[in-house]
Each structure stands twice: as C-alpha cells, then as structure tokens.
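Welcome to this short tour! Open your viewer, get your selection tool ready, and follow along one stop at a time.

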Amino acid sequence: VVFFLCCHGAASAGVRCVFLHGSGENSTQPATSTDVDAYWGGADIEKWTPFCNSRTFIHEDTTNNGWDSVYLQERYCKVAVGEDTDSTVIEDAIVVSHSMGNLVLAAAVKRGLCSLGESS
C-alpha cells in the first residue's frame with residue numbers, strides 16, 4: 001500500500017518528495033537524492049513524479065529492525081522532516097511510503113516523534 005500526503009495544491013509548483021521504504025532492506029546508508037537501490041523503480045521514479053522538485057530516499061535496515069523500533073521511527077521522521085532542520089513537523093512535503101514504511105511512520109507519529117503539518 002502506498003499513500004500520498006499531499007500539499008494542498010502546492011504540487012503544481014514543485015514540492016519536496018520523501019520516499020520511505022518497507023521491509024527487506026538489510027543495511028543502513030545515508031539518505032540519497034536518487035533511488036540507488038531501484039526500490040522505487042530506479043531512474044524512472046523521476047518521470048513518475050514530475051511534481052517533485054527534490055526527492056529523498058531513506059536507506060535503513062528493515063530486516064533486523066521491526067516497525068516498532070524507536071531507532072527506525074526516529075530515522076524515518078528525521079528524513080521526512082528534513083535532515084537540515086531541528087523541527088519535528090513534516091511541512092511542504094509529499095511522503096510516499098510502502099508496506100512496513102507506513103507502520104514505521106504511523107508509529108512515529110503516534111509516539112510524538114514527528115507530526116504532519118498543514119502543508120503536508
């Protein structure tokens with residue numbers, strides 16, 4: 001299941017897009033601006049998301065960490081919020097998550113680690 005948290009019309013002007021993968025990844029790497037593992041379709045993701053003015057892809061070990069891992073929840077929030085801010089509010093972003101990624105983000109929001117702003 002994929003869900004989009006959309007920006008109330010801001011998508012036409014370009015928006016930051018964040019991709020949170022599900023289970024099956026077995027290593028942790030820094031977030032990237034390209035889909036280096038082809039989890040989301042590789043380079044094709046750009047043609048499928050022309051409304052994104054930037055893309056951020058998380059790379060976390062979801063094989064050895066479950067959806068209830070506080071570490072994963074913190075990482076998913078940090079990437080969704082933006083790693084260059086101390087805020088905990090996801091603003092001006094479209095968040096695309098898959099499978100276990102939905103559970104991780106939902107648990108993080110429930111735990112209060114991050115929240116969805118009005119523009120996301």
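Start by selecting Cys17, which is buried, with a relative accessible area of 0%. Keep in mind as you look around that this is a predicted model.

Now colour the stretch around this residue: Cys17 sits in strand S2, which covers residues 15–20. Which residues touch Cys17, leaving aside its neighbours within four places in sequence? Show Phe51, Cys52, Ser54, Arg55, Thr56 and Ile94, and you have them.

From here, move to strand S4, residues 52–59, and select His59. Is His59 buried or exposed? His59 counts as buried because its relative accessible area is 7%, and buried means under 20%.

Show the side chains here. A polar contact of 3.2 Å links the side chain of His59 to that of Asp37. A polar atom of the His59 side chain also lies 3.4 Å from the backbone oxygen of Phe57. Not counting residues up to four places away in sequence, the residues touching His59 include His21, Ser27, Pro30, Thr34 and Val36.

Finally, zoom out to the whole chain. You can find three helices and seven strands, running β-β-β-α-β-α-β-β-α-β from the N terminus on. Of the 120 residues, 43% count as buried.

Technical notes: Residues are numbered from 1 along each chain as its sequence is written. This is a predicted model: local features need pLDDT of at least 70, side-chain atom pairs count only at pLDDT 80 or more; totals for chains, interfaces and linings use all residues. Side-chain values use heavy atoms; hydrogens and water are left out. Helices (H or I, at least four residues) and strands (E, at least two) are DSSP runs, numbered from the N terminus. Buried means under 20% relative accessible area, exposed over 50%, partly exposed in between (1.4 Å probe, protein chains only). A polar contact is a pair of N or O atoms within 3.5 Å; within protein, one must be able to donate a hydrogen and the other to accept it, and residues adjacent in sequence count only if both atoms are side-chain atoms. Contact means heavy atoms within 4.5 Å.
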